[in-house]
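Here are some exercises to work through with the model open beside you. Try each task first, then follow the solution step by step.

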Amino acid sequence: MTRGDKYLAAGILLVAIFALAFPRLQSSLFPMATSSARAVIKARGKIVREVDLSDRGGRSTLVVNGRVGPSTLEVEWKRIRMKEANCPDKICVKQGWIEKPGDSIVCIPGEILVRIEGAAPVDAVTR
Amino acid sequence: MMEKKGRYLLPLLLAILVVAVVAVPLYLGKEIEYKSDRFLMDTMVSIKAYGRDEGKLKDAVTAAYGEMQRIADLSDRFPAPGSAEYKASDVCLINENAGIMPVRVHREIIDMLLLAKKYHGLGKGAFDVTIGPVMDLWGFTGNNPKIPPPEKLAKTLTLVDSNKLIINEERQTAFLEKRGMKLDLGAVAKGYATEKAVQVLKSRGVARALIDAGDNIRVIGKKSRNAPWKIGIKDPRKSGGIIAIVSLTDGSAVTSGDYYRYFESGGRRYNHIIDPRTGYPASANMSVTVMTENAGVADCLSTIFFVLEPEKSLELAGKMGGVDIFLVTADRRILHTPSLKGRVEVKSGEDYRYDQGR
């Protein structure tokens, strides 16, 4: 091994260690590995479904039983929305599709929460 | 001799570096996150707390929710008369005895009413907790809001007057002087309860946490050793959009907007934040975000600054000290106090005007 080889080996080793030590660096080096979009659905305090949003195959619907009866969610590639709900205010339905990590749909009368998991650009949003 | 020393130096340095690089993040990363959400105060509250002991974090967060629930029960104005919830509510008790007699209530209700009266004075009437009868007339508390007949509105407006809310701190009593007057703590209770939750978390040793109380944000500490929390401010007209990102440490960010509860009639938007001076929804702003340490204060102020004219708000906030505001006006201007410069990243796009030179 020449001196140059040693420096090269040391350099590679360092990058590898950094990548292992800092998960954030890791995800920016290999973005594809961490972008499996997933929505978590909670109703009345419990997780009732976890939905994979990375499926490109068309739309599907699913029914969640909240406090005010069944609510229908619609899932497409990368996004999800509340399609129909029994709540009086329909704020959840009016909100439309959500698609970014950290975004959520909240139905207060139904006590339903839909949240897209993953690293969000902000820690919280004030509305 | 020199040869040998040089040969060991590089591997030794490397070894130290490896240990430092691996061990330091592992040590710092030992803190865990405890996250949970709960539906209370007609909204969803989620708390994220950080520490080393999950059991302690869970207990602290559960106690914080308990405190918020207690404040909610005391200040709820809508339970059915005669129900257990009605009997538990101090606000129902005060409203029921309007024009009759002062009633003794919990210390927390007195605190909230004093806070509300203070900001009623400071906002020169742009904020009033005795707005109850007018809120009911517009129907914003139910599901079918509509424009009330002007004569009826004018008559009902005479019942709105925080000067006729009499607080006796010593006896811990509250009294609405006129029959038909009604308290509505909608613009105070959530912020006040959030602040109480913060006290509970801190008293149990939580030094880093984020409370999202129905989109009112309160943070304890910093996000990490050297980075503040990053809080997005909602774009008032774009679903899922963010108009700005602010840095926040040990403080709250509370927004009042015209998009959450509103109805449209004759091409006009009527939102649920009523100007107590006119009885009609305030229309100078699309959204107003207040950043200050105390979430209860931020809650009151966001309503005041939503109601006031933007220029007046900036002037008033500037005089207060420790209060930053971010406004999106009805004519699509983005304004903020100079104190926010360097702490806010504005994403105005093409829909809004933002003059950075302000």
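Two strands pair if DSSP finds at least two bridges between them; strands (E, at least two residues) and helices (H or I, at least four) are DSSP runs, numbered from the N terminus. This is a predicted model, in which local features need pLDDT of at least 70 and side-chain atom pairs count only at pLDDT 80 or more, while totals for chains, interfaces and linings use all residues. Residues are numbered from 1 along each chain as its sequence is written, and chains are lettered from A and ligands numbered from 1 in the order in which they are written.

**Exercise 1. Find the partners of strand 10 of chain B, and decide whether its residues are buried or exposed.**

Step 1. Begin with strand 7 of chain B, which is joined to strand 10 of chain B by 3 bridges and runs antiparallel to it. Here Arg218(B) stands opposite Ser252(B).

Step 2. Turn to strand 13 (residues 285–292) of chain B: 6 bridges join it to strand 10 of chain B, again antiparallel. Ala253(B) has Met291(B) as its bridge partner in strand 13 of chain B.

Step 3. Now check burial. A residue is buried if 20 or more other C-beta atoms, placed from the backbone, lie within 10 Å of its own, exposed if 12 or fewer, and partly exposed in between. By this test, 7 of the 7 residues of strand 10 of chain B are buried.

Step 4. Sort them by direction. In a regular strand the side chains alternate between the two faces of the sheet. Gly251(B), Ala253(B), Thr255(B) and Gly257(B) point one way, and Ser252(B), Val254(B) and Ser256(B) the other.

**Exercise 2. Work out why strand 3 and strand 4 of chain B each have one side without a neighbour in their sheet.**

Step 1. Write down the order: 3 strands of chain B form an open, antiparallel sheet, 3-5-4.

Step 2. Look at the ends. Strand 3 (103–104) and strand 4 (165–168) stand at the edges with a single partner strand each, so one side of each lacks a neighbour in the sheet.

Step 3. Confirm one pairing. Strand 3 of chain B is joined to strand 5 (residues 173–176) by 2 bridges, with Val103(B) opposite Ala174(B).

**Exercise 3. Locate the residues that touch the most other members of the largest nonpolar core.**

Step 1. Define the set: a nonpolar core consists of buried Ala, Val, Leu, Ile, Met, Phe, Trp, Tyr and Cys residues joined through C-beta atoms within 7 Å.

Step 2. The largest core has 116 residues, and Val188(B) and Cys300(B) touch the most other members. Helix 9 (residues 295–307) of chain B gives the largest share, 9 residues.

Step 3. List neighbours, taking two residues as in contact if their C-beta atoms, placed from the backbone, lie within 7 Å. Leaving out residues up to four places away in sequence, Cys300(B) touches Leu115(B), Ala116(B), Tyr119(B), Phe127(B), Ala187(B) and Val188(B).

**Exercise 4. Describe how chain B meets chain A.**

Step 1. Count the contacts: 32 residues of chain B are in contact with 22 residues of chain A.

Step 2. Strand 8 of chain B supplies the largest share of the chain B side, 6 residues.

Step 3. Strand 8 (residues 124–126) of chain A runs parallel to strand 8 of chain B, with 3 bridges between them. Val125(A) stands opposite Gly232(B).
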